[in-house]
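Okay, thanks for coming, everyone. Let me put the structure up and then walk you through how the chains meet.

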Amino acid sequence: MRWIVRKTVLSVITLFCAVTITFFLYRVIPGNPVDLMINYYLSLGYSYEEALSRVLMMVPFVPTAPLHEQYVDFLKGVLRGDLGYSFTLAQPITRILGYAIPWTVFSVSISLVISFLLGIMMGMYIAYKRGSLLDKIISFYSSITTAMPQNILGFFLIWSLAIQLGWFPKELGPYGPRVDPSKFNLEFITSVLRHAALPILTYVLTSMGSWILMMKSSTISVLGEYYVTAAEARGLKDRRIVTTYVGRNAVLPLFTRFAISLGFMFGGALLIENLFLYPGIGRYLTIGISMRDYPLVTGCFLITSVATVLGNLLADLLYSRLDPRIRFE
Amino acid sequence: MSPAAGKNRDVLLSIRGLTVEFRVPRGILRAVDNLDLDVYDDEVLGLVGESGCGKSVLAHTILRIVDPNGRIAGGKIMFKGKDILSMSKEELRRFRWKEIAIVFQGAFNSFNPVIRVFEHMLDTTYAHDEKASKEEIVKRSKELMRMVRLDPDAVLERYPHELSGGMKQRAVAAMAMLLDPKLLILDEPFSALDVLTQKFFMKTLVDIRRETRKSMIFITHDLAQVAEIADRVAVMYGGVIVEAAGVEDIFYRPRHPYTRALLKAVPSIVGSIDELKPLPGPLPDPVNPPPGCEFHPRCPHRIEICSKIRPELEQVDDVSLVACHRWRELN
Amino acid sequence: MISRKSGQFKRLTYAFKVFRRKPTSMAGLIIVVFFTLMALIGPFFFPLDIRAYPAKRYLPPSWQHPLGTDPYGRDVLMQIINGSRDALLIAALTGLVTIFIATVIGVSSGILGGLFDEVLMRITEIFLILPQYPLLLLIAAILPAGRELTLFEVSLIIGIVQWPGTARAIRSQVLAIRERPFIEAARCLNLGSLHIIFREIIPNLTPYLVMNFFLALTGGIYSQVILFSLGILRFTSINWGVMINIAMGESALINPKAWIYLFSPIVCIVLLQTGLVLISSALEEVFNPRLRTEE
Amino acid sequence: MSEEPLLKIVKVTKKFVKGGLLSPKKTVRAVDDVSLEIGRVENVALVGESGCGKSTLGKLTLGLLKPDSGTILFEGKDIWSLKKEEFAKFRRNAQIIHQDPYTSLNPVRTIFQSLAPPLIRNKEVPNRKAAYERLRELLTMVGLTPPEDFLNRYPARMSGGQMQRIILARAVSLGPKYIVADEAVSMLDASLRLGAVDLMLELQKKFGMSYLFITHDLGIARYFILKGSGKVAMMYLGSIVEAGEGDSVIQRPIHPYTQVMMTAISLPDPKLTRNRPIPNLRSLEVPRLEQVPSGCKFHPRCPYAEKVCEEKVPELRSFDSRLVACHFAERFAH
């Protein structure tokens, strides 16, 4: 139990740090976004008071107040769920996030589950067949893709599968241009699925590699354990050994990574969402940056941080449920 | 004391010309080199040798457990008239544990950390008998735990990491008897135990042996343990058996120069130390073994032939065998 | 008599042997050397020219323009060659920054131990939990405050974001080495902390640092592609990421004329990353003989 | 004459705390109120099961670990209140030999690179050339000939036995007065072990230092003490339970733990070993170090334990020319 408390405390501290880093970048460093925004309105010919009142609408604190009060107000705002106001999109940040999160969660969670499952299966398989040609090919593929920015494969896939072969819609975005998103009907759903296929494929193909490599090395180290040899010596059936003795132990350390990835997921697949014009968190983060819409940027960053920290906590709890060695400590 | 070990007994396990090789960065390592050995019904065979002599590899090979970089290069292992090395995969699976069980050197690591001790018992029984009843397995497991002086309730429902090293080791030994195998191989089974627990465990083994009439191969580097438990002793050096004889012959009338030298090199808590003498020279390099008799570079009695021809294992009497060109004259 | 160098030399020749024995490792080496040469001497033969030539928009490949031209009529090969300089420079600087921070933190944390170690590791852990690429974007977007970042600043930002994992790995290596008996023996022999750190611990760490340096290089390329291709950073010069960004801005995917322009930098990135990955896995084999597959 | 012992351990305790800021704390008393003396050119064989704290005690005497309480006097001076130069001098005088020869040498340095710096830094020799000459002598002394063959080698290219000799050479290279041999021969093969012990004793004759010979193997401990000189001390769960000159502790044990040990240990003689009684223990389980029993630590297993054993820690007292920590030592003396 103390272990869980410890992890929770660490998570809270991390969140606190994330918020502080954000505030630091947002307000404290010279030439910070809030000053920039004020200067921007001043350059448009507004009076200082008018500029200030406009900025005041966007951020949850008073830029003229002492720094520590701004910080406290910012913290309060974050706790209330008030992340400010986006001037480029003319909407509260929370509403934008509310629109973006489902798209990210939808596309990335499917991708994550597929790539995780494929990854552990292939990783385990090549661990058994290590040294074979198939192992060499898959391992090579895996180590290359982990170093490859995701949009690079995306370009090839769009170019070949969508544009050359026409198997997938050519137009980018979450659904077709003629679909009415306000009606949740079959047409909308099929269009969404068709448009999600390529981003998901890209994500799976690029992120599977690291699962494969992790599972391979994990499996190899488990295969070297005495209890596997002992199970063979006891005449257990291969299937039982592969699942309960090798599989369960090999996949354990990966579960933590999986849960962490669930958290990271809220950051969206930055490059993929931008390439496919997919309106998730990663896309809005980039829009915010290119439009210098800092409330939007901080909002996206914070939600990602929160999710990652929670994902981490979840990972630790999950691990303690799955591994009896931790549970009893 | 042991009866004239091996005499007029049935051979249970018979190894002929066994060779096991490993690929290592430096070349081919021949861990077991054209080895012959018999194990009789109802006997404890002590297999002694220093590290790297191939005794563990031999034990593993009997159950055909060989590292991926290793290979059984030749020979036969006959068990009750059947060659283990030519069994099919499924035959081998059914054979393991049912006929021969093994307690590994790292026995305390033999449990899958994510399942309870009892699940290991279930797994093992079901692998050989799908229709086994759970109550039967519970009953049998409890009985075995008591046999190795463990409290069944405190062990069976626990996860392996909750047990101490000594408890795990004894639980593994109990598991080895689950299917009542004919032959039990114990590979340095005491490595994690303190001296006091060792003593009790050894007595337990002797009791089990007396009750069940099982055969055991007891592998160790410790001559004293062999003296305590074995009926017959096989001494291994450089991948071969150099001498095999009844335990008293080995300790009181050793024939092979290596056996003699080893006995003199091991200090005890009794007796004079004046006769103790270190062996000269290093152990043979298994990748580049010396020609002829493996022991000749360290042997005080070597003559020319020793460096040229490898001595065969010769029958001395009913039970004793020795592989030395000069054993007759040296006695 | 006593040669101090002989050991290092033996290791080098041994490393080369391993490289030569495996064609893939050799291929990696050749790729990386090729791009390094391109970055070092290429620009002298193909000087950078970023003026626009509207008349030459999207020319197909020819003797004069082996890879055609871009939407502004500029030679693509010239851009690739000049772009390699930025790409490799940022990668190299990033690698150095990453390894420097990670080594300082990892080694001091591992050697000093105690509260110092505890605090440093908690900080590292917090950095590890923060989402890496969004953090990278955030810093890259806010820090410049409207001006163009220098190459070194870009490397510094990437390095700051990617050091924690490496630092933690180095620390655990240091802990493992520190516990080895030869360190204890060195203390008994009165060899002093400096000797122990720089003569006993660090030399045992070097292979590990080199391996991590190559991993950091791939990280440096990955991150700069994100930053430039998404147009996060302001830029005036040309590099591969910028080329992708411009191509995407010109909808290069649906314009068959622009395909060569888009795919040229992509192929380069793929090749270079492949080369780096191959080298780091070869190095892993050199330094960790247990991994060597038997042939 | 009552000469000052070389090393005097006075009521030393060392605790290890596991866990930290946020995780549960566990305290292990690895060494618990231990006192021991080692004279000049005298040996102590410290015997105990793994985890009994014998290695920790060894490291405490070398100043590698700092005791939580108690003092360690080397040549009459508390090593933890020495001035910097004095401590450096102490360091030169007290060396260690580890169990595993493979990890006792830096794998990325040649033998010369490992062995020369201590000589130069401690001004035993003026330069590298002189160091080379000195090391040639040392290597010849430990039987590694020709020494030139070994000085430029990396540890990976030597056998365990050869490395152990290098480590012996390194340990004596600064002319120490005291060496802790921490399971120094345990990893060696049975046939090589005696040779290594003989070499250690030979070096003792040449250099005149004292050994703290730490081992779990009673046979080798007895050989060491009988072939050399000195006493045997038995350790159990962080405490010394019995100590005596020569092999008296092994031949005529007084403490119940020592007695039980001596009957439990197997002998390389079938007739002798099979006719010995089975020790009569109350419990088979070795208590965990995190929760050592109250009073006498052996009482939960001791066949003769009485109430006082649970309550009162027995002192290590002089008895019958022996040191014994048992309330009923008189009863067990022969």
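So, start with chains D and C: 32 residues of chain D are in contact with 24 residues of chain C, where contact means heavy atoms within 4.5 Å. Keep in mind that this is a predicted model, so local features need pLDDT of at least 70 and side-chain atom pairs count only at pLDDT 80 or more, while totals for chains, interfaces and linings use all residues. Housekeeping in one go: residues count from 1 along each chain as its sequence is written, chains are lettered from A and ligands numbered from 1 in the order in which they are written, and side-chain values use heavy atoms, with hydrogens and water left out.

Now, how much area do chain D and chain C bury between them? About 2,700 Å², with 56% of it on carbon and sulfur atoms. Buried area here is the accessible area, with a 1.4 Å probe, that two parts lose on being put together, summed over both.

For charges, the count between chain D and chain C is two salt bridges. A salt bridge is a side-chain nitrogen of Lys or Arg within 4 Å of a carboxyl oxygen of Asp or Glu. Glu184(C) pairs with Lys59(D) that way, at 3.4 Å from N to O.

Which elements of chain D give two or more residues to the side that touches chain C? They are helix H2 (84-93), strand E6 (94-97), helix H3 (111-121) and helix H4 (128-141). H3(D) gives the most, with five residues. Helices (H or I, at least four residues) and strands (E, at least two) are DSSP runs, by the way, numbered from the N terminus.

Chain C itself has 10 helices and zero strands, and its C-alpha trace spans about 80 × 45 × 30 Å along the principal axes.

Next, chains B and D. Here 46 residues of chain B are in contact with 41 residues of chain D, and the buried area is about 3,800 Å², of which carbon and sulfur atoms give 64%. Leu196(B), Ile269(B) and Ile273(B) supply 20% of what chain B buries against chain D, more than any other three residues. There's one salt bridge in the count for this pair of chains: Arg301(D) with Asp194(B), closest N and O atoms 3.5 Å apart.

Over all chains, the count is 55 salt bridges. One of them is Lys237(A) with Glu130(B), at 2.5 Å from N to O. Lys237(A) sits in the loop between H9 (226-233) and H10 (238-264) of chain A, and Glu130(B) in the loop between H3 (117-128) and H4 (134-147) of chain B, so the pair joins two chains.

Last stop, helix H8 of chain A, residues 186-223. This helix has 38 residues, yet its end C-alpha atoms are only 48 Å apart, short of the 56 Å a straight helix would reach at 1.5 Å a residue; that expected span is 1.5 Å times one less than the number of residues. And where does H8(A) bend? At Ala197(A), by about 35°, with Pro199(A) following within four residues. The bend is the angle between axes fitted to the seven residues ending there and the seven starting there.
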